[in-house]
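Please keep the sequence and the model in view while reading.

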Amino acid sequence: MSIVVTGATGHLGRLVVEGLLSAGVPAGEIAAVVRNKEKAADLAERGVELRVADYSAPETLRGVFAAGDRVLLISGSEVGQRVPQHRAVVDAAREAGVALLAYTGILGGPDADFDLAAEHKATERLILDSGLPYTFLRNGWYHENYTEHLAPVLEHGAVVGSAGEGRIASASRADYAAAAVAVLTGEGHEGKAYELSGDVAWSLAEYAAEVAAQSGKNISYADVPAERHLAVLTGAGVPEAMASILVDVDAAVARGRLAGTSGDLARLIGRPTTPLADAVAVALKG
């Protein structure tokens with residue numbers, strides 16, 4: 001039996017593998033599913049087993065999982081392609097008879113009513129229909145969704161959005177990785193859905209104020225109509241399809257869809273979630 005992490009060379013996947021090692025899981029009991037072995041050479045050197053597969057090539061997933069494996073399915077990054085990709089993973093996991101399939105979905109699960117949630121909801125349904133033992137890790141927003149894009153904010157002195165006074169209960173990527181580690185190494189999580197979010201919800205105006213305070217620059221929140229927000233994003237080089245999704249997310253924020261503070265994340269990781277201010281500080285240090 002192994003603990004299997006898909007997408008193991010991605011930002012979240014690497015943190016999960018590191019978290020498993022730090023938690024004392026022997027490297028030989030961890031399997032990292034990767035598309036490119038070279039990108040995971042450092043993990044192999046530490047004794048982590050590499051299993052090469054691609055979500056988009058179902059034939060490569062055959063034999064990747066074994067009976068008794070605990071598997072973390074980290075959602076794919078290709079919006080619009082995720083349902084068939086995830087179906088291939090679910091089918092392979094079912095055929096193998098894995099002991100648990102944990103999936104990183106989205107806050108709100110079936111109640112999430114914004115465009116980005118559609119593929120996550122469809123994936124949860126695939127998993128339920130498969131009959132596999134499961135855990136749903138419904139991740140809220142990451143601090144890094146904002147802090148990794150500080151350059152234009154600092155350059156123009158503005159956080160641009162269309163979320164109004166809506167609030168976002170984000171947490172760090174490392175917090176969500178720690179929750180996955182807790183589920184993969186713990187007991188009693190089968191059949192549960194965790195609504196994972198930060199302890200404190202904040203508005204984009206408060207985010208702008210935090211960046212201003214830490215950077216010493218004049219930063220404000222520019223709340224603009226959705227059409228203007230879309231134009232700003234596409235003008236900055238964001239593909240129109242992704243820009244539309246981001247604008248739709250801000251509309252969801254305005255409706256309070258990403259403001260929930262259930263406490264599930266802090267309970268799973270056994271500590272408070274990382275404050276937004278800490279993520280801003282890390283990003284500003286570069």
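Is the crossing of α9 and α13 left-handed or right-handed? The crossing of these two helices is right-handed, where right-handed means that the near helix is turned clockwise from the far one by less than a right angle, and left-handed that it is turned anticlockwise. The model is predicted, so local features need pLDDT of at least 70 and side-chain atom pairs count only at pLDDT 80 or more, while totals for chains, interfaces and linings use all residues. Residues are numbered from 1 along each chain as its sequence is written, and side-chain values use heavy atoms, with hydrogens and water left out.

Helix α9 covers residues 204-215 and helix α13 residues 276-285; they pack at an angle of about 50° with their axes 10 Å apart. Axes are lines fitted to C-alpha atoms, for helices over the stretch in contact, and angles run from 0 to 180 degrees between N-to-C directions. Helices are DSSP runs of H or I with at least four residues, strands are runs of E with at least two, and both are numbered from the N terminus. The two helices are therefore oblique to each other; angles under 35 degrees count as roughly parallel, over 145 as roughly antiparallel, 65 to 115 as roughly perpendicular and the rest as oblique. On the α9 side the contact (heavy atoms within 4.5 Å) is made by Tyr-207, Glu-210, Val-211, Gln-214 and Ser-215, and on the α13 side by Leu-276, Ala-277, Val-280, Ala-281 and Leu-284. Seven of these residues are nonpolar, two polar and one charged. Here Ala, Val, Leu, Ile, Met, Phe, Trp, Tyr, Cys and Pro count as nonpolar, Asp, Glu, Lys and Arg as charged, and the others, Gly among them, as polar.

A second pair is α4 (residues 82-96) and α5 (residues 118-130), which pack at about 20° with axes 10 Å apart. That angle makes α4 roughly parallel to α5. The crossing is right-handed. Contributors to the contact include Val-83, Val-90 and Arg-94 of α4 and Leu-126 and Ile-127 of α5. By class, the contact has five nonpolar, four polar and four charged residues.

Leu-132 lies in the loop between α5 and β6 (134-139). With a relative accessible area of 8%, Leu-132 is buried; buried means under 20% relative accessible area, exposed over 50% and partly exposed in between, with a 1.4 Å probe and protein chains only. Beyond its neighbours within four places in sequence, Leu-132 is in contact with Val-90, Ala-93, Arg-94, Val-98, Leu-101 and Ile-127.

Thr-9 is in the loop between β1 (3-5) and α1 (11-22). Thr-9 counts as partly exposed, at 30% relative accessibility. Not counting residues up to four places away in sequence, Thr-9 touches Arg-14, Val-34, Lys-39 and Ala-40.

In soluble globular proteins, nonpolar side chains tend to be buried together. A nonpolar core is a set of buried Ala, Val, Leu, Ile, Met, Phe, Trp, Tyr and Cys residues joined through side-chain atoms within 4.5 Å. The largest one in this model has 59 residues, and Val-16, Leu-20, Phe-65, Leu-72 and Leu-137 have the most contacts inside it. Helix α8 (residues 173-185) gives the most to this core, with seven residues. The contacts of Leu-137, its neighbours within four places in sequence left aside, include Leu-72, Ala-180, Val-183 and Leu-268. A second, separate core of 28 residues includes Ile-168, Ile-245, Val-249 and Leu-258.
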